[in-house]
Amino acid sequence: MGNRGLRDIGWQPTIGTMLADGVKVYACCSRCKRQQSVELPALIEKKGEDYSLFNRRVKPCKLTAGCKGYTY
């Protein structure tokens with residue numbers, strides 16, 4: 001087997017690259033299914049342009065009050 005980690009990163013490894021390429025990013029919940037667009041410039045100010053969203057998730061959901069799903 002090859003290096004699965006490199007294959008899984010995909011074509012947009014950092015949020016700086018996503019912003020430069022005009023990629024639209026959404027946060028979604030695994031339980032309530034709510035979706036919300038992500039403001040990349042605000043996220044870059046908070047985390048830095050080299051931050052990656054690959055394999056990131058947050059529990060509990062911050063999109064719907066009281067929801068206990070994962071936001072990814």
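So, where is threonine 14? Threonine 14 sits in the loop between helix H1 (4-8) and helix H2 (15-21). Before I go on, a quick note on what we have here. This is a predicted model, where local features need pLDDT of at least 70, side-chain atom pairs count only at pLDDT 80 or more, and totals for chains, interfaces and linings use all residues. Residues are numbered from 1 along each chain as its sequence is written, and side-chain values use heavy atoms, with hydrogens and water left out.

Okay, the overall layout. The chain has 3 helices and 2 strands, and from the N terminus they go α-α-β-β-α. Helices (H or I, at least four residues) and strands (E, at least two) are DSSP runs, numbered from the N terminus. Of the 72 residues in the chain, 25% are buried. Buried means under 20% relative accessible area, exposed means over 50%, and partly exposed is in between, using a 1.4 Å probe and protein chains only.

Back to threonine 14. Threonine 14 counts as buried because its relative accessibility is 17%. Leaving aside neighbours within four places in sequence, threonine 14 is in contact (heavy atoms within 4.5 Å) with Glu49, Asp50, Tyr51 and Ser52. There's also phenylalanine 54, in the segment after H3: the C-alpha atoms of phenylalanine 54 and threonine 14 are separated by 8.3 Å, though the two are 40 residues apart along the chain. Phenylalanine 54 has a relative accessible area of 38%, so we call it partly exposed.

Contacts across the sequence show up in the totals too: of the contacts in the chain with a separation of 6 or more, 53% are between residues 24 or more positions apart.

Now jump to threonine 71, in the segment after helix H3 (40-47). Threonine 71 is buried, because its relative accessibility is 11%. Its contacts, not counting residues up to four places away in sequence, include Ala27, Cys28, Arg57 and Leu63. Arginine 57 turns up again with tyrosine 70: arginine 57 lies over the face of that ring, at 4.2 Å from the ring centre. For a charge to sit over a ring, NZ of Lys or CZ of Arg has to be within 6 Å of the ring centre and within 35 degrees of the ring normal.

Next, some empty space. Rolling a probe the size of a water molecule over the atoms shows where empty space is left. The largest pocket is lined by 29 residues, and Ala27, Val38, Leu43, Leu53 and Tyr72 lie nearest its centre. On a 1 Å grid over the protein atoms alone, a cavity is a set of points where a 1.4 Å probe fits but cannot get out, a pocket is an open set with protein on both sides within 12 Å along at least five of seven lines, and lining residues have an atom within 4 Å of a point. H3 gives the most to the lining of the largest pocket, with 4 residues.

Most residues other than glycine have a negative phi, and most peptide bonds are trans. Lysine 33, in the loop between S1 and S2, is not a glycine but has a positive phi of about 65°. Asparagine 55, in the segment after H3, has a positive phi too, near 60°. And a cis peptide bond joins lysine 59 and proline 60, with omega about 0°. That's my tour, thanks!
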